[in-house]
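Subject: Structure handover and notes

Dear colleague,

I am passing on the structure we spoke about, and my notes on it follow below. Please read them with the coordinates open beside you.

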Amino acid sequence: MVAPPDNDVIWARSLHHSHNGSPGLAGVSVSARDAEILAVAGPRGSGKTTLLHCLSGRLVPDQGEVWFNSLPVHTMTPRVREQLRRERFGWIAADPQLVPELTAWENAALPLLLRGVAHRTANKAATEWLERLDIAALARKRPHALLQVERQRVSVARALCARPTVIFADEPTATLHRAERSQLLRTLTAAARSHDITVVLATHDAGVAALADRTVSLLDGRRVSSVALPAEPDAEGSAACSLSV
């Protein structure tokens, strides 16, 4: 094994992974630098989610290496990978994946509570992020009483609350309207930059990818130099955009 460059917080080489015999990744190499916002762009089914799962330790690749700050994620035991995800990584999915029995603030504070952080300290941190996301008034409501955009804001607060080193965001705005998408992404990217958090953002939307510092493109489980993605429709209609590495 060869350790990654010192300035890469995430570094992966020659990742291969298949799902029930169908290839998901075929030799993908990628890296993300400290405090960088990296977009992984590609159409649906291109391997973006599989790549994020491998980079975050949710999946172990069939072949290849994944490193986090010079630690080999691909050789860690399941227990150590789980601890890494809990303490150093945040995750935002298209589906907010909130715990239905918990209130909004309890969901946001959950990573801290699982670490054993004092209840009052976790409450304060969660409330601060809920305020930044304009949903502090909903802190005591449970997920079933929230709108989709409100639930997704809670999931973003949860990812940011524990001050992770890396946030993996898998199509985090896919189910939201344009105005809702823009506000949520502005908050996420601004918070990541102000707190030196690396963000690996999977998207099939050219407008979302444009917010990143750098973009890597996937097609059929492989790195490609560019990929055509749909752009946001404007007053004249819709268009397409080609993103290059």
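The expected span of a helix is taken as 1.5 Å times one less than its number of residues. Please keep in mind throughout that this is a predicted model.

Helix α4 has 14 residues and reaches 20 Å from its first C-alpha to its last, which is close to the 20 Å expected at 1.5 Å a residue. Within α4, the residues Ala-122, Ala-125, Ala-126, Trp-129 and Leu-130 are buried, and because they cover an arc of only 135° around the axis, they sit on the same side of the helix. The cover over these buried residues of α4 includes α3 (104–115), α5 and α6, whereas on the other side of α4 Arg-120 and Lys-124 are exposed.

Lys-124 also takes part in a salt bridge, its side chain meeting that of Glu-128 at 2.7 Å, N to O. Because Lys-124 and Glu-128 are four residues apart in helix α4, about one helical turn separates them. In general terms, an α-helix has 3.6 residues a turn, so residues three or four places apart point the same way.

Asp-134 lies in the loop between α4 (119–132) and α5 (148–161), and with a relative accessibility of 51% it counts as exposed. Ser-14, too, is a residue other than glycine with a positive phi, in this case near 50°. Ser-14, however, has its place in strand β1 (residues 8–19), and at 35% relative accessibility Ser-14 counts as partly exposed.

Turning to the charged pairs, a search of the whole structure finds seven salt bridges. One of them joins Glu-65 to Arg-13, with the closest N and O atoms 2.8 Å apart. Glu-65 lies in strand β4 (residues 63–68) and Arg-13 in strand β1, so this pair ties together parts that are 52 residues apart in sequence. Glu-65 is buried, with a relative accessible area of 11%, whereas Arg-13 counts as partly exposed at 30% relative accessibility.

A further salt bridge is formed by the side chains of Lys-48 and Glu-171, at 3.7 Å from N to O. This pair links distant parts of the chain, since Lys-48 belongs to helix α1 (residues 48–55) and Glu-171 to the loop between β7 (166–170) and α6 (178–194), 123 residues apart. Both Lys-48 and Glu-171 are buried, and for Glu-171 the relative accessibility is 11%. The side chain of Glu-171 additionally makes a polar contact with the side chain of His-204, at 2.9 Å. A salt bridge requires the nitrogen and the carboxyl oxygen to be within 4 Å. A polar atom of the Arg-81 side chain does lie 3.1 Å from the backbone oxygen of Gly-57. Leaving out residues up to four places away in sequence, Arg-81 touches Gly-57, Val-60, Val-73 and Met-76.

Note on methods: Residues numbered from 1 in each chain as written. Predicted model: local features only at pLDDT ≥ 70, side-chain atom pairs only at ≥ 80, totals over all residues. Heavy atoms only, no water. Helix = DSSP H or I, 4+ residues; strand = E, 2+ residues; numbered from the N terminus. Buried < 20%, exposed > 50% of the residue type's maximum accessible area, 1.4 Å probe, protein only. Arc of directions from axis to C-beta. Contact = heavy atoms within 4.5 Å. Polar contact = N/O pair within 3.5 Å; in protein donor to acceptor, adjacent residues only side chain to side chain.
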